[in-house]
Amino acid sequence: EIGSGLVGSEMCIRDRGMAFGNGTHETTYMCLELLESCLRPGDTVLDVGTGSGILALAAARLGASHALGVDIDPVAVRVARENIARNGLESVVEVRQGDLLQGLNVQADVVLANIIADAVILLSGAVRAHLKQGGAFLCSGIIDDRAEEVARCLRDNGWTIAETRSSEGWFFYLCR
């Protein structure tokens with residue numbers, strides 16, 4: 001069982017292979033919790049560094065009209081696609097191989113980045129171009145000794161940190 005509430009009871013991630021993300025890690029769990037509270041039915045989602053696809057799948061289960069997962073790792077892309085098929089969500093969730101936001105011409109209501117601090121820092125300036133007006137940027141995967149550095153970078157790039165959560169030495173920011 002993974003995640004929280006509705007998400008935890010309905011997801012099918014049988015084999016994540018070598019791809020990161022089964023819902024039990026603190027960073028993923030925090031993303032699932034906040035996704036449940038901020039996603040509205042019909043929203044579109046961009047999941048940067050999708051890993052096993054768990055966050056994109058959760059978004060679909062929570063009512064997203066479309067979720068796009070992107071990962072640089074071909075193994076993660078293959079595993080995410082298998083998990084999408086296992087959950088019967090091919091019409092809602094798409095996965096592409098790519099490097100962060102490079103080459104993407106999409107805008108979403110919610111952008112998720114459950115990756116590492118350095119990648120969140122890289123995304124902090126560029127992600128706004130991929131976020132619809134009034135949207136939310138959920139970022140996690142930030143180890144505690146990098147949390148303030150990442151928060152400062154987010155603020156320096158014009159983000160308002162609407163919510164901060166931490167668990168077991170990991171941080172999560174909900175940015176607007």
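Which residue in S7 does Glu 163 stand opposite? In this model, which is predicted, the residue standing opposite Glu 163 is Leu 174 in S7.

**The strands around S7**

Strand S7, which covers residues 170-175, is joined to strand S6, residues 161-167, by six bridges, and the two strands run antiparallel. S6 and S7 form a hairpin that leaves two residues between them, and in its turn Glu 168 has a positive phi of about 50°. S7 also pairs with strand S5, residues 131-143, in the antiparallel sense and over six bridges.

| Residue | Helix | Relative accessible area |
|---|---|---|
| Leu 154 | H6 (residues 147-156) | 0% |
| Thr 27 | H2 (residues 26-38) | 1% |

Leu 154 counts as buried because its relative accessible area is 0%, and buried means under 20%. If neighbours within four places in sequence are left aside, the residues in contact with Leu 154 are Val 120, Ser 124, Phe 137, Cys 139, Trp 159, Ile 161, Tyr 173 and Cys 175. One of these, Tyr 173, is 19 residues from Leu 154 in sequence, while the two C-alpha atoms are 9.3 Å apart in space. Thr 27, with a relative accessible area of 1%, is buried as well, and its side chain is joined to that of Asn 114 by a polar contact of 3.1 Å.

**Helix H4 and its ends**

Helix H4 takes in residues 74-86, 13 residues altogether, and spans 18 Å from its first C-alpha to its last, which is close to the 18 Å expected at 1.5 Å a residue. Its buried residues are Ala 76, Val 77, Val 79, Ala 80, Asn 83 and Ile 84. When H4 is seen down its axis, these buried residues fall within an arc of 170°, so they line one face of the helix. In an α-helix there are 3.6 residues a turn, so residues three or four places apart point the same way. Among the elements that cover the buried residues of H4 are helix H3 (54-61), strand S2 (66-71) and strand S3 (93-97).

At the N-terminal end, H4 is capped by Asp 73, which places a side-chain oxygen 2.9 Å from the backbone nitrogen of Val 75. Following H4 comes Gly 88, a residue whose phi is positive, near 65°.

Technical notes
Residues are numbered from 1 along each chain as its sequence is written. This is a predicted model: local features need pLDDT of at least 70, side-chain atom pairs count only at pLDDT 80 or more; totals for chains, interfaces and linings use all residues. Side-chain values use heavy atoms; hydrogens and water are left out. Helices (H or I, at least four residues) and strands (E, at least two) are DSSP runs, numbered from the N terminus. The expected span of a helix is 1.5 Å times one less than its number of residues. Buried means under 20% relative accessible area, exposed over 50%, partly exposed in between (1.4 Å probe, protein chains only). The arc is that of the directions from the helix axis to the C-beta atoms. Contact means heavy atoms within 4.5 Å. A polar contact is a pair of N or O atoms within 3.5 Å; within protein, one must be able to donate a hydrogen and the other to accept it, and residues adjacent in sequence count only if both atoms are side-chain atoms. Two strands pair if DSSP finds at least two bridges between them.
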